[in-house]
Every structure is written in structure tokens, then in C-alpha cells.
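The entries follow the order in which I made them.

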Amino acid sequence: MPPRRRPISVEWAKSLVGLSMKVPDYWWDGCKGYRLHDGVIDSYCEISQRWNLLLDTKEDDALYLMAYEAIYKYADFDSSTYNEFQLTQQPIRDGDDEIQTETKKYFRTEAEEWNEIVIEDGDTDTGGRPIDPIEWEGDEEFTIKITDEELASLRDIDGEIRFEKVFQWCLPRFGDDDDQTLFEFQAARMRNYMRKRVLESGFKPRYYKGDKVITGDHVARFYGACLCRMIHGGRSIEQIFSTREIMDAVPSIRESMTKACLEDLTTCLHYSDDWDPECGGDWDDIYDDPKVMAPPGTAKHRLKHGLLEDGYNKRWQAIVNFGKWITTDESRVGGWYHSCMTIGPEPKPIQTGATIHTICITTGPLSTYKLFARVYGGQFDEDIPEINDYGKYKMISLYDLMLSPFKHKGHCVVMDSAYMSDAMCQVGREEWKINMVGTCQTNRTGAGSLGKATVAARGIKVGTHQSVMYQHKDKPITYAIWADNNYVKTLSNFHGPNLLRGGIQRKLRDPVTFRRNKDFTDVDCPEQQWVYCQTYHLIDKGNGAEAKYDLSTESHLHGWSPKLAARFFNMNLNNAYNIYKSLYNKYHPDRTPMLMRSCINDLTHSLLQQGSEIRTRGFGDAPSATKDITTTSSSLDGRKLRSDAVRQHFTSPTATERQPGRVHISVPVVVKKNTATSYCKYHNCPVKNTGAKRKRAYMSKYACEDCSLEKGVDFFLCNSTKSVGGNLVVVDCHTAYHVEKKLYTAPSPVIKSSTVIGLTG
């Protein structure tokens, strides 16, 4: 079976011939050690897609095949020719540098197609030829799209805009006429799934029995319980409904629903009817709600959550009027590696992992508002075929989907190095009519190797804030390197090679002590770098605001989809708060909107109280706010002990009244089968002096009463007869131990028979 991965680009692979290497001993099978061997890449084998290593020694003229991972790891970066080679973290494969559209094929540019633009100190701030951006005709900033009726629905009886109402207004709508709320939609899916489990798995609901069914209000209360659990640190259901420990109990959830109800809702979480009835039965004859599932052809990893994802994206874009500037981001999905996607049966939807790609507003009052979020399943995502209208370059294909609503309008998109390339700049400007700027990896542009060599030749160090800029000879693309805390490389299709004098403030490092100055200093930077710095950090700010309120769900019961549902719910929290602040400042200019924490508290109460009551009677009194430690056992946490309990609480010997004369009395202990199983604690127990290879004391079933109370465990000491050589002798370690510890004043009564004398010496 041929490999699914595309072959390595032969042209690029052969360009690595001549690369200097330093390979350690342990790279060879069966060898150990860290001594480095100098070598050079001699040739490339197209069949094995590996490179031949030739060592710099006359004794060994053999060629050793090396995979690219080893070449990237052991390349000699101190070599004078290192910067002449294009080394990337992953090998460049066929199709990575070409994009085929309906009218044109785009390629990654070559190094000879670029000119360096040098702007000397004291010169003008611009160089090369100017590049005009694609014109934008709309408003600069995003605004809220809301009718008077919708605005009135967001106010309370006093006319004040409420966050909890704004939040529900931002939630997705379902149905042909968008007349079904998220809670009603999810309730229908959960009713179907509960029915499936009852019929096929013998599941027995604890609460939803008889005529009780899951309603939209019940799902709203479930989300309220998740928010409340998050606020209280993610407590378990057992802790939430604790009747003995006030530190665990969550009264708000207990009053909202029963424990059985919360367990049933958690067990039956579902977002799509992604199954068929057993034995070919008719769906409508078995289930009360119609079957709703993802459209045919949906990627496998989106079958369960795809409808939810599309619903959020559609709603978030429908309630705003588009502005000019947007920012895109890529981040790893939490919890992926331990999900059913990667540990489940074959064929797995995705083998390596998934990322979530988002589009965010980063200017104006709605800054950090999410417009789009999609979980991308890797290069074999079925929704984005490997070969499509835009060739084999997967990020172009992904962007074609993400930016569909923003094409041909002159939007400005800021992105990171996960997306940016020569190809992206060309397609974005010529095909999609979008202005693009962002960080770029060295291998994604023909100017990358030139910039890398120039930085090394001039000795430009990080922290000096020097700039190196290149402009393509024909195409409207500018590449810039800026020496900040690292070498920041940016690519733009609507900026010329312009330098902003004192454009950014930085705390410079002292060249001797390497400590940062306390005061900011104005430093020069490329114009496209300034644009990136002004916008991109805001998408991280929005991600941070959402991360503070990650929902707490016991999603291990279902795998991975509930984690995504919670993630989208978190995003909606931040989106709703941005809209709430904007509306509140506009219609209540003399008042200050609530903090996000207070808004989430109000939303939690609102969701927990939505609809009719679930409880038919009150939960009862909450656990006491105080706890009498003296009447409880540490092992049973708040439970009062019966007098006949097997395990009684520990009582200090100092607090126990002893009977006169009962001091360090040897008492028998009830042991299993009346056979001693514990060793004597006396270090001079006679049997230890027999010269045996393993010195062990006698076993005893007698313990000291007082010593046991003081130490908290039975303290065993010999106080019986033992058979030695066929003769019974008395061994009284109990008395000997206490005499030694000066707890007895009388001499030890150990019988010194001939046998015992022989044992004790």
C-alpha cells in the first residue's frame, strides 16, 4: 500500500547536498558514546527518500542513509556554509510550493526574484516601490447588528441591559427558520440518545422515568450547573450533593436539580443523532424526535460536534456588521491525545491530533470577539480534500473555507506563521482580494534563505532591533526580519519596505549586565511588523479571558465532543461580554458595566433557575457551617460514630482515665485463627541472638495496653512460653522492654533456664 504522505521534493532534497554534519556515536545501531564525527551530505536517494552521509575520514568511505529528522538534528550550524542551505523543521514535499486555481498556478518564489532594500540612518523611511492595499469600502470597525425588538428583549423590567439575556441572544439557533434554541436542540438529541441507551444497552435512568423527559430548560440548568462547578473549582457530583461537608456542597446546584437528574444529563450528553436503529428499524417508530445529523460527506472527526460548530459560527457572524481588520490563530485542542479519536478502534478519524482555528476581531469596541472557530483534523481532514481547487497546500485550502465570508471586499487579515507564505500572499491578493500580513517561516518564502544569510553575514544579534527587508521584483510582496527578543520574520502583500522611526517601544537590555531597563525606549521597526504587533496579541488576550472560565464537565464518559461543546460555550461567554459592554456603554453612558466575573455569576443563577422546578420537594438544610472535630473520625469525614462501630476514633492516652494499677499491662489481642502473626517489637528478643542468617523476633499475640494507646497501633511484645529444642521456656520480652525503658522498677522476671541462657548468651 503506497504511503499517504506526499514524496519529498527532489529539487529541495538535492539542494542539501554539501551540508556539513556532526553525527554522534549513538546514532549508529549498536554504538554508544557522544563523540562527534564530521561528515557531509553526499547525495539523495529518491527511492528511500533519504540522504547519504559521507564521513570525513579516509578509513571509512561508506555511505550511511539518514532520514531528514536526523539531518535537521545533527547539521553543523557552526559551519560557514550553514546559512546557504534551506533547513526546515519538516521536509518540503511535492506541492508545498505550488497552488493551482481555476485560472493560474502559483509557485513559491525563488531567491533570485528578490531585491534587498537598504534604508540607511538619516535616509527616508521608505524604499523600493510602493505597494497600495486593496481598497476597503465599508466601515473600519465591526458593529453590532441588532433590531429594536431584539434590543428590547435584552433589557429587564427597569430597562437595563442584562448580560444573561445578551448571552442567550448570542447562542446558536437551529431549525429551518432558526426557531429552535441551543437548549431545545440539544435536549432533543439527548432524548434520542437516552432512548438508544435504554433499548440497546439496558441503561436505567435514575430520574427520567415514567413521563419525565429531558427539556430545553433542563439542558439550560445543566449548563448552569457546569458553570457553577467551574466557579467552585470543578467539584465532583458526590461532593456537590454532600450532606455532611459544607466545604464540598454546592447549594445552588442542589436546589436547582436532584443528584439523579444531574447524573442522567451528564451520562446522556449528545449533539447529533449519529447512529442508525438496530436491525434496520424505522427511526420514527422508535424515537420521539426526528433524526438530525451532520450532512453527508462531513469529516469523521466532526460527525458528533459539526452541527454545533456550524451553529455557533453562523450565529456569531450574523449578529455583527463586518469591519476591516480581522486576525486568525491556531491552537492545539486540549484533551485530544486522551480522546476516543486517538485511542479508539481502527480506523481512527485522526491519528496525530487536532488544532482549533479561529478568526477574531482585534480592533474597536468588539476587540477579542470570535467570528469563526473550526477544529481542523490535520492534512487528511475529509472536509478539506488534499487535492482541491487550490492544489495540495493544506493551509490555502483551510483558509479558503475560513475566509469565505470575507473574500473580494478588501479585508485586512493578520495571521501567524502557521498560514503565511508566498503562496498565501499571492492567492490572497489576486484570487480573494484580501490584504494579508503576518509572521512567516523561513522555508515558506524565497527570500527566507537570503535573509538568513544576511543576518549571519552582518552579525545582527537579537535585541538590537535592526531590520533587514526584501521586496519581490515583480509581485506585491515584502519580506522583513526584525531583531527583537528573537528574529521576527514577517510577510505582507500590501506593505512596501517601509521603516517606522521610533515606531515601537521596548525595554532595552544593558549590553554588559543583560538586564532590562526600567524605562521604555523608542526603536525602529518595519511598518508591517508594527501592524502585526498592534493586533495579534489581542486574540491571545481573548483566549486568556475564556480560559479563566473553562467549563467543568465529566466528559470522560463520552470522549472528546463534550470538551469541544464546552470550548464553544466558553467562547460565547467572551463574545457575549464584548457585546454586552458595547451595548451597555452606548445605551447607559452614565453607568459602568459589570465585571465579567459578576456577569457570569448572574448568568449561572439565571440558567440554574430557568423553567419550571425539577425538584418536587426541597433538598433540606445545608451542611453545618462548623464541624465538631472531637466527635468525628478523621477516616470517615464528618460521620458521627456509633459506640459499637468496628473502627473507633483515636483517643489520646493523656485524655484517658486509667484504673489504679493498670500501667503497661500485657493484654492478649484477638487475632485471626488465634495464631500470632505480628513480630515482637523488643529489639533484644531472645530468638534474634541465635545466629540465624535472617534475624527475626518471635511472633506474639500479646500487646502492651499503654504503649498501644500512645503509638496508635498494637504494640506486640512476647509474654508467653516458646518451644525451644523440644522444651517449653518462658520468654517475657514485655517486662524486659519496660525495664530497659525505665517504665518498670522491678528486675526482669525472665526465667533463665538452661535453654534460655543458651539463646540469650
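**Entry 1: a loop asparagine**

I began with the contacts of Asn517: leaving aside neighbours within four places in sequence, Asn517 is in contact (heavy atoms within 4.5 Å) with Lys507 and Leu508. I note that this is a predicted model, in which local features need pLDDT of at least 70, side-chain atom pairs count only at pLDDT 80 or more, and totals for chains, interfaces and linings use all residues. Residues are numbered from 1 along each chain as its sequence is written, and side-chain values use heavy atoms, with hydrogens and water left out.

I placed Asn517 in the loop between strand 20 (499-506) and strand 21 (521-526); helices (H or I, at least four residues) and strands (E, at least two) are DSSP runs, numbered from the N terminus. From C-alpha to C-alpha, Asn517 and Lys507 are 5.4 Å apart in space, and ten residues apart in sequence. Asn517 is partly exposed, with a relative accessible area of 35%; buried means under 20%, exposed over 50%, and partly exposed in between (1.4 Å probe, protein chains only).

**Entry 2: a loop histidine**

I then turned to His305, in the loop between helix 10 (283-286) and helix 11 (306-318). His305 is buried, its relative accessible area being 1%. Beyond neighbours within four places in sequence, I found His305 in contact with Val375, Trp560, Ser561 and Leu564.

**Entry 3: helices 16 and 17**

I looked up the axes of helix 16 (residues 527-535) and helix 17 (residues 537-547), which come within 4 Å and cross at roughly 15°. Axes are lines fitted to C-alpha atoms, for helices over the stretch in contact, and angles run from 0 to 180 degrees between N-to-C directions. The two helices are therefore roughly parallel to each other (angles under 35 degrees). Cys533, Gln534 and Thr535 of helix 16 meet His537, Leu538 and Ile539 of helix 17.

Within helix 16, I listed Gln528, Gln529, Val531, Tyr532 and Thr535 as buried. Seen down the axis, these buried residues fall within an arc of 160°, so they line one face of helix 16; the arc is that of the directions from the helix axis to the C-beta atoms.

**Entry 4: the nonpolar cores**

I took a nonpolar core as a set of buried Ala, Val, Leu, Ile, Met, Phe, Trp, Tyr and Cys residues joined through side-chain atoms within 4.5 Å. The largest has 118 residues, of which Tyr399, Leu403 and Ile579 touch the most other members. Helix 18 (residues 561-587) supplies the largest share of this core, 13 residues. A second, separate core of 23 residues includes Ile8, Ala70, Tyr74 and Tyr82.

Note on methods:
Parallel < 35°, antiparallel > 145°, perpendicular 65-115°, else oblique.
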